[in-house]
There are 2 protein chains.
Amino acid sequence: MEQGFAATTVPEITARAGLTTRTFFRHFADKREVFFAGDEIPEVARRLLAEAPADLDPVTLLEQGLRQVAAARFDGRREEIRQRRAVILAEPALRERDAQKRDDLVRVVRPALVARGVEAVEAALLAELTVVVLHVAHDTWLDAPVEQPMAEVVAACFTRLRGVLSPGPARIV
Amino acid sequence: MEQGFAATTVPEITARAGLTTRTFFRHFADKREVFFAGDEIPEVARRLLAEAPADLDPVTLLEQGLRQVAAARFDGRREEIRQRRAVILAEPALRERDAQKRDDLVRVVRPALVARGVEAVEAALLAELTVVVLHVAHDTWLDAPVEQPMAEVVAACFTRLRGVLSPGPARIV
């Protein structure tokens, strides 16, 4: 935030944190990695998918999972997450890594849905949809004038998708 | 395909094409750009969205637009597009540019939906959903044992999304 991501060196980071660069590199491959450390959404998703009741329909499962992740990781941290987004958007190397994280989540959700008996194309669509809802909810939650519970923003996204995609006569918007 | 994207130089490309490198660089900033030349899906999307009847509901509009793009750009080119995918997947710089193209499409569709009166969060969700359907349909179409019309694959993706997201009692899959 003070001097930009690109202009900040690992020795500067470790000096501020009171660590040696040797300790730093024992934990992180590069300074990009320290920025994404603790971002274990794919691992949480893997566990939630493995533990969910086998008869839960996939959309309910994904919505419940996203709501749990949302409540645990976002609420009360809006200013920090807003700063983080600004730093990511300003730096191509971070944007690329962030996009990679989205792909990582698709690669966790898709086979987990297939393992639950969801047809392959449906599993691909739903895995990508999960990432889309997380992404749109994330920006909506950050940009709202007052902070709402992130789980409510996730639920509102699913409600909108259900409404706009429900079969029936053409809707005039 | 013969020697890999990274190992192929601009002089090699221009020699094979019977051009000077000067002509090459008059048209393309680098060899990555020549790979994505003619990939004008965002421009086609912009035109389709501008020309569509104002009372068409947004999902029907997006489905019809994707079906038109699909028929015009994919059918009959499966072998070429399959080779292209293999080259892109093998080269990080091309994967990154390909992801950028997906973002470009979101950035065209989203404001066009807002201009048609679609609420902002719904427009964001539908713009991302359009890219998801194009992406999943693209892979489904490439991986099918026999070539189907791409427009049918797109329509099947929308049918699946409508089915899985339709409100009502929980579906057991």
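Throughout this note, contact means heavy atoms within 4.5 Å.

1. **Ground rules.** This is a predicted model, where local features need pLDDT of at least 70, side-chain atom pairs count only at pLDDT 80 or more, and totals for chains, interfaces and linings use all residues. Side-chain values use heavy atoms, with hydrogens and water left out, residues are numbered from 1 along each chain as its sequence is written, and chains are lettered from A and ligands numbered from 1 in the order in which they are written.

2. **Chain A overall.** The C-alpha atoms of chain A fill a box of roughly 60 × 40 × 25 Å along the principal axes. Of its 173 residues, 43% are buried, where buried means under 20% relative accessible area, exposed means over 50%, and partly exposed is in between (1.4 Å probe, protein chains only). If you take the contacts in chain A between residues at least 6 apart in sequence, 65% join residues at least 24 apart.

3. **How the copies are related.**

4. **The core.** Which residues have the most contacts inside the largest nonpolar core? They are Leu113(A) and Leu113(B), in a core of 88 residues. A nonpolar core here is a set of buried Ala, Val, Leu, Ile, Met, Phe, Trp, Tyr and Cys residues joined through side-chain atoms within 4.5 Å. Beyond its neighbours within four places in sequence, Leu113(A) is in contact with residues including Leu49(A), Leu62(A), Val118(A) and Leu126(A).

5. **Val59(A), a residue that sees both chains.** Val59(A) sits in helix α5 (residues 58–73) of chain A and counts as buried at 2% relative accessibility. Leaving aside neighbours within four places in sequence, Val59(A) is in contact with Leu126(A), Phe158(A) and Arg162(A), and also with Val164(B) and Leu165(B). Val59(A) and Phe158(A) are 99 residues apart in sequence, yet 8.9 Å apart C-alpha to C-alpha.

6. In chain B, α8 (residues 120–143) has 24 residues and reaches 35 Å from first C-alpha to last, close to the 34 Å expected at 1.5 Å a residue; the expected span is 1.5 Å times one less than the number of residues. Because 19 of the 24 residues of α8(B) are buried, the helix is largely enclosed by the rest of the structure. Also in α8 of chain B is Glu128(B), buried with a relative accessible area of 11%. Not counting residues up to four places away in sequence, Glu128(B) touches Arg102(A), Val132(A), His135(A), Val136(A) and Val106(B).

7. **Salt bridges between chains.** The count over all chains comes to 27 salt bridges, each a side-chain nitrogen of Lys or Arg within 4 Å of a carboxyl oxygen of Asp or Glu. Glu122(A) and Arg160(B) meet in one of them (3.1 Å, N to O). Glu122(A) lies in helix α8 (residues 120–143) of chain A and Arg160(B) in helix α9 (residues 150–165) of chain B, so the pair joins two chains. Glu122(A) is buried at 7%, while Arg160(B) is partly exposed at 30%. Glu128(A) forms another with Arg102(B), the closest N and O atoms being 3.3 Å apart. Here Glu128(A) is buried at 11% and Arg102(B) partly exposed at 26%.

8. **Salt bridges within chain A.** Arg47(A) forms a salt bridge with Glu51(A), at 3.6 Å between the closest N and O atoms. Both lie in helix α4 (residues 41–51) of chain A, 4 residues apart, about one turn of the helix. Arg47(A) is partly exposed at 44%, and Glu51(A) is exposed at 54%. Elsewhere, Arg85(A), Asp139(A) and Asp143(A) are linked in a network of salt bridges.
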